[in-house]
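Reader: I would like to learn how to read an interface between two chains. Where do we start?

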Amino acid sequence: MHTYIIRRILISIPLLFGLLTINFFLIHAAPGDPTDIFYNPDMDPEARENIRRIYGLDQPLGVQYLKYIQGVVLKFEFGYSIAKKRPVKDEILEALPNTIQLSALALLLELSLGIGIGILAAVKQQSTFDNATRVTALTFYSMPSFYLGLVLLFLFAGGVSATHWFPASGMVDIVRHESMSTLGRLGDRAIHIFLPSLTLGIGAAAGISRYMRGELLEVIRQDYMRTARAKGLTERVVVFKHGLRNALMPIITIMGLSLPFLFSGAVIVEQVFGWPGMGRVAVDAAFQRDYSMFLAVNLIFGAMVVVGNLVADILYAMVDPRVRLS
Amino acid sequence: MNRIVRITSLGLFFTSLSCSPSSTPGDSPSDSAQRVIEVEARPDRGRSEEHNLEFEARWNELYNTPHDNGDTLVIGTIGDADSLNDLTSAAITGSNVIGLLFLSLTRTNPDFSHAPSLAESWQFSEDHLELTFHLRDDVFWHDGVKTTAHDVKFTFEKQISPNIGWATIKWKQFIKECVVVDDYTVKFIFERLYPYQLMDAVVGAVLPKHILEKVPDEEMVSTDFNRNPVGNGPYRFKEWKAQQYIEVEANENYFAGRPPLDRIIFKVVPDQENLALQLKSGEIDFMDGVPPRFFEELARQENLVAYIAPGRSYSYLGWNLLNPLFQSKKVRQALTMAINRQEIIDSLLFEFGEIPKGPVLPIIWAHHPNLPDFPYDPEKARQYLAEEGWKDSDGDGWLDKDGQRFSFTVKTNKGNQIREDILILVQDMFKEVGIAVRPNILEWTVFIGDMDKKDFEAAVAGWSVGLKMDMTTIWHSDSINDKFNFVSYSNPEFDRLNDAAIFEMDSEKAKQMWWRAQEMIAEDQPYTFLYSPKDINFVHRRFQNVQMETVGWNYNLEQWWVPKDKQKY
């Protein structure tokens with residue numbers, strides 16, 4: 001198992017390197033350059049040239065590429081952000097934990113809601129609950145997350161004053177957070193993260209619930225389930241011990257594959273709710289042509305996809321005794 | 001289902017709510033207190049080097065009248081700052097915070113004249129080439145070190161260093177030297193005589209030498225000071241969380257006395273819809289540049305006061321004069337007459353705007369009040385075009401000349417809803433006179449790239465108007481290739497006038513020259529000047545002594561206060 005994991009990580013290095021290279025030339029090929037943010041008549045062309053020179057943008061592209069790669073490989077340096085006036089690393093270290101927090105909670109919501117509703121719908125097949133969740137799931141699954149986010153904002157974050165239960169943006173109440181008790185701070189964080197994580201997680205939860213229901217119905221029809229019932233086991237034991245374990249396997253694969261979507265979904269959700277994470281950094285970097293920031297952000301998103309897939313494979317091996325990683 | 005449909009049709013939040021005919025500003029609901037305040041347009045005294053004692057007295061009044069300390073102001077802003085160091089900051093949020101943290105030599109009065117700040121007084125030498133500032137001796141950096149003339153000289157040297165990349169370096173181009181006379185006296189020596197010597201000398205925040213002298217020029221863009229500034233202004237830096245907020249707190253040792261508000265927080269909010277929502281719900285207390293479509297909804301809120309200030313920017317439809325289609329002055333005048341600009345202002349700006357006749361807006365001293373104008377008149381437009389040979393000879397509804405149809409593409413940038421909508425309106429208006437227009441909306445960097453390369457036929461864009469009267473970068477023929485004369489306007493007589501007016505010391509003479517220059521541009525119509533939007537600001541009612549002025553909504557931000565019984569935080 002260990003050698004398998006190490007090998008997988010080693011294989012991903014050239015992959016990420018290729019990603020970096022392609023991204024480097026793609027972003028440089030895009031029209032405009034980072035000094036465009038200084039575009040105003042008060043700024044002399046001379047001042048723009050100064051800035052280009054300070055950041056080495058006046059050098060040939062090949063030289064810039066070699067310098068960049070050299071920095072990344074030898075010193076693990078990702079350069080300076082022109083738009084943020086600070087090392088890329090600092091900005092990312094500030095934003096990444098926020099995105100992980102949001103994505104993790106969304107994943108938790110996705111799994112608990114999705115699996116829970118899926119099981120109930122399967123057990124009570126054809127009931128009102130089953131039909132209702134089917135329609136609801138389809139609605140949320142097909143709704144784009146930015147739209148859902150805006151609807152939630154309007155309904156619960158100030159658009160309708162009677163149901164103004166949640167703040168419209170940010171991670172904490174920036175005025176009062178400092179003076180709150182520990183419990184108060186926790187609650188403050190909870191009400192701020194609720195709408196964004198719900199927006200991010202609910203679409204995927206809807207998908208998972210449908211898979212879960214289908215898988216469980218499939219399993220329930222199997223012979224060994226009938227055997228279990230014939231042995232006189234309670235329905236609860238039959239479903240949860242014999243049924244669920246078998247039905248969960250495909251869900252793990254789906255979960256592993258959904259990780260990249262979770263991160264890319266975060267890009268949009270962060271934008272709607274002003275969540276200070278990687279998504280906002282990524283969008284700003286792309287529009288401002290903030291080259292080094294853009295490259296670093298993409299590298300991290302790439303690495304997360306690799307890790308997500310690896311985790312799914314490992315979990316799969318843990319759940320399914322027939323699979324051995326070697 | 002019905003509810004969902006309604007939410008959708010609301011366009012989320014306020015967009016369609018404000019589609020109903022908007023009430024005129026000032027016509028607020030039955031409420032005794034004033035809810036909409038029109039900011040008075042002060043005549044710009046322009047290049048005045050005199051004090052304006054009336055404004056200074058009003059400014060000092062607060063420190064002699066009883067007021068309460070405490071409470072927090074939360075300012076909503078769309079973009080995060082990039083740096084809180086004046087040498088490296090380019091974003092507007094950054095400069096608003098810098099204005100609270102740092103002092104400049106002078107402060108700007110509502111009529112654009114200069115008021116004492118770090119400098120108590122100043123005077124020019126006999127030949128007007130040396131400008132001496134006498135500094136206060138009671139200003140301290142927030143770390144306790146005194147601010148002196150050495151800081152002023154150090155700042156000047158950093159501002160002109162090519163290895164730092166200060167954005168407004170050209171403002172210092174005629175300053176030969178900055179000399180420390182003694183600890184509290186500093187002198188600027190100029191290479192030549194010109195009207196804006198005082199303004200150029202004082203532009204930029206004075207920075208602490210004892211901290212920044214350790215930073216090599218090349219490292220200024222990434223130094224820690226950019227995010228942990230030590231200033232000497234009324235507020236001191238407290239905390240900056242990227243993409244979340246910047247917080248400053250009252251400076252107890254401020255020379256003029258502690259500013260009333262405990263804290264001012266600049267909160268980063270993703271977009272204008274969200275900002276308006278938070279303004280309504282009280283999560284933020286202030287927002288500037290409110291899109292006109294939100295006005296009516298927000299004006300209905302009991303706890304908000306609106307301030308409507310005269311515009312400091314204008315939008316235009318620029319004609320690429322290198323293109324054969326637009327080389328005739330008469331054609332350009334006709335194109336302007338084909339556009340119903342009042343309709344654009346009424347429908348897209350909800351009447352919060354005016355039609356500018358030229359590039360110099362009324363807030364500037366050199367503004368020409370009676371420029372030639374080409375009001376909406378499709379009949380006359382068609383007649384002008386016919387005189388230039390553009391007729392519908394084949395009866396297909398489109399004008400043509402020598403077998404070529406009159407059609408062109410108008411480019412603009414994505415992300416500015418009003419500009420995008422203008423393209424659609426203008427397409428319809430031109431269709432009326434038989435001209436086919438194709439809209440093309442581009443990403444910002446692509447758009448300005450195309451403008452630079454002259455790769456456009458017509459384009460909708462905008463300028464904010466600087467305080468200095470200088471038309472070189474946008475209209476001079478020298479600026480065609482590497483500056484901002486996108487449309488390639490070239491008029492030798494204009495160039496000559498502009499070059500002379502810039503250096504004309506007699507302001508009455510200069511005014512005559514600028515008037516003549518504006519007449520030329522109005523006559524030539526290289527742009528169709530579309531609209532100049534008013535600046536809409538909303539602030540929570542609990543704040544007292546709010547004086548918004550044409551020089552900026554934050555003119556006396558450091559003096560806002562809240563009575564004890566109304567304090568929220």
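Author: Start with a definition: a salt bridge is a side-chain nitrogen of Lys or Arg within 4 Å of a carboxyl oxygen of Asp or Glu. This is a predicted model, where local features need pLDDT of at least 70, side-chain atom pairs count only at pLDDT 80 or more, and totals for chains, interfaces and linings use all residues. Residues are numbered from 1 along each chain as written, chains are lettered from A and ligands numbered from 1 in order of writing, and side-chain values use heavy atoms, without hydrogens and water.

Reader: How many salt bridges does the rule find across the interface of chain B and chain A?

Author: Two. In one of them, D82(B) pairs with K85(A), N to O at 2.9 Å.

Reader: Which elements of chain B touch chain A?

Author: Helices (H or I, at least four residues) and strands (E, at least two) are DSSP runs, numbered from the N terminus. Those of chain B that give two or more residues to the side touching chain A include α1 (2-9), β9 (235-241) and α7 (272-281). By class, that side of chain B has 30 nonpolar, 16 polar and 15 charged residues. Ala, Val, Leu, Ile, Met, Phe, Trp, Tyr, Cys and Pro count as nonpolar, Asp, Glu, Lys and Arg as charged, and the others, Gly among them, as polar.

Reader: How is the size of an interface often given?

Author: As the accessible area lost when the parts come together. The probe is 1.4 Å, and the loss is summed over both parts. Chain B and chain A bury about 5000 Å², 60% of it on carbon and sulfur atoms. In contact (heavy atoms within 4.5 Å) are 61 residues from chain B and 54 residues from chain A.

How values were computed. Buried area = accessible area lost by both parts, 1.4 Å probe.
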